[in-house]
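Here are a few notes to read with the model open beside you. Take them one at a time and find each spot as you go.

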Amino acid sequence: MMKMSIQMCRCFLISSNILFAMVGFGLVCLGTWVRIIASVTGFYQISLKTSPFSIGVTVLVITGILITLAGVLGNLGACSFKISALNVFSGLLSFLIIINIAVGVTAFVKSGQTSDELSELYRKIYTSHTRSSNETMILRLLHKTFDCSGIGEQRDTCPEGNFQKQSTFLSCPSVIQDVFNSNAPLVLVGFLGIAGLMMLALVCSVILSRYISKNPASSSGTNSQLERMHMECIESLCHSLIDN
């Protein structure tokens with residue numbers, strides 16, 4: 001029974017760490033892409049209230065790097081039975097759990113403030129009489145992102161389409177606020193769900209680390225047992241990936 005539990009923990013660690021590495025790499029790519037888009041469109045030169053945006057992008061990239069590193073260290077420890085790698089993985093994962101919960105709660109609490117600031121920024125750009133090409137590009141990006149257009153009856157720089165289609169678009173400030181307010185609980189649930197998955201991986205890492213410390217691979221019998229568990233875990237993971 002104990003061996004089966006250890007094997008299940010290893011399989012879960014390997015599967016979850018592959019997912020962590022993929023998610024972390026995706027966050028790094030997303031943060032880099034947003035940063036490049038912001039630089040190309042001149043977002044930083046439009047308003048002085050862009051420091052939260054800059055901090056958010058930086059946190060996104062750093063968090064992605066840490067999650068990717070955690071996934072690599074977790075798989076290294078689980079596949080090679082390295083206690084040191086598992087200990088570093090556990091410490092890093094504990095830090096990420098705290099950060100993840102803090103970011104989720106902060107995003108939920110600050111969603112209203114963020115939507116108000118973004119709506120005000122949109123109004124400022126849209127009502128400007130000397131709109132630059134960068135500002136026009138940002139308006140088009142916001143229109144396509146939120147599927148909205150203009151303020152009131154003003155409909156310039158709207159998404160492509162005939163006049164009848166353009167007239168059906170809602171006012172962007174109200175749409176931006178509705179999107180943030182309606183999706184705030186989903187964002188919080190998503191962050192808490194990721195934190196729960198990380199907690200399960202942390203528990204499995206601690207269990208596996210204690211098992212390895214109590215059963216050091218000093219004899220040939222123990223080595224063969226660990227190798228057999230490793231092969232069974234890899235085969236089980238491959239079968240699950242093929243079936244899905």
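1. One term before we start: a residue is called buried when its relative accessible area is under 20%, and exposed when that figure is over 50%. Keep in mind, too, that this is a predicted model.

2. Let's begin with helix α5, which covers residues 133–146. From first C-alpha to last, its 14 residues reach 20 Å, close to the 20 Å expected at 1.5 Å a residue.

3. Which residues of α5 are buried? They are Glu135, Thr136, Ile138, Leu139, Leu142, His143 and Phe146. Look down the axis of α5 and you'll find these buried residues within an arc of 160 degrees, so they line one face of the helix. On the face turned away from that buried side sit the exposed residues Ser133, Lys144 and Thr145.

4. Now check what comes just after α5: aspartate 147 has a positive phi, about 55 degrees.

5. Next, the partner helix. α4 (residues 111–126) packs with α5 at an angle of about 135 degrees, and their axes are 10 Å apart. That angle makes α4 oblique to α5. The crossing of the two, α4 and α5, is left-handed. From α4, the contact uses Leu118, Tyr122, Ile125 and Tyr126. On the α5 side, Glu135, Ile138, Leu139, Leu142, His143 and Phe146 take part.

6. Last stop: asparagine 75, found in helix α2 (residues 51–80). Is asparagine 75 buried or exposed? Its relative accessibility is 18%, so asparagine 75 counts as buried. Leaving out residues up to four places away in sequence, asparagine 75 touches Leu13, Ile14, Asn17 and Ile18.

Technical notes. Residues numbered from 1 in each chain as written. Predicted model: local features only at pLDDT ≥ 70, side-chain atom pairs only at ≥ 80, totals over all residues. Heavy atoms only, no water. Helix = DSSP H or I, 4+ residues; strand = E, 2+ residues; numbered from the N terminus. Expected span 1.5 Å × (residues − 1). Buried < 20%, exposed > 50% of the residue type's maximum accessible area, 1.4 Å probe, protein only. Arc of directions from axis to C-beta. Axes fitted to C-alpha atoms, helices over the stretch in contact; angles between N-to-C directions. Parallel < 35°, antiparallel > 145°, perpendicular 65-115°, else oblique. Left-handed = near helix turned anticlockwise from the far one by under 90°. Contact = heavy atoms within 4.5 Å.
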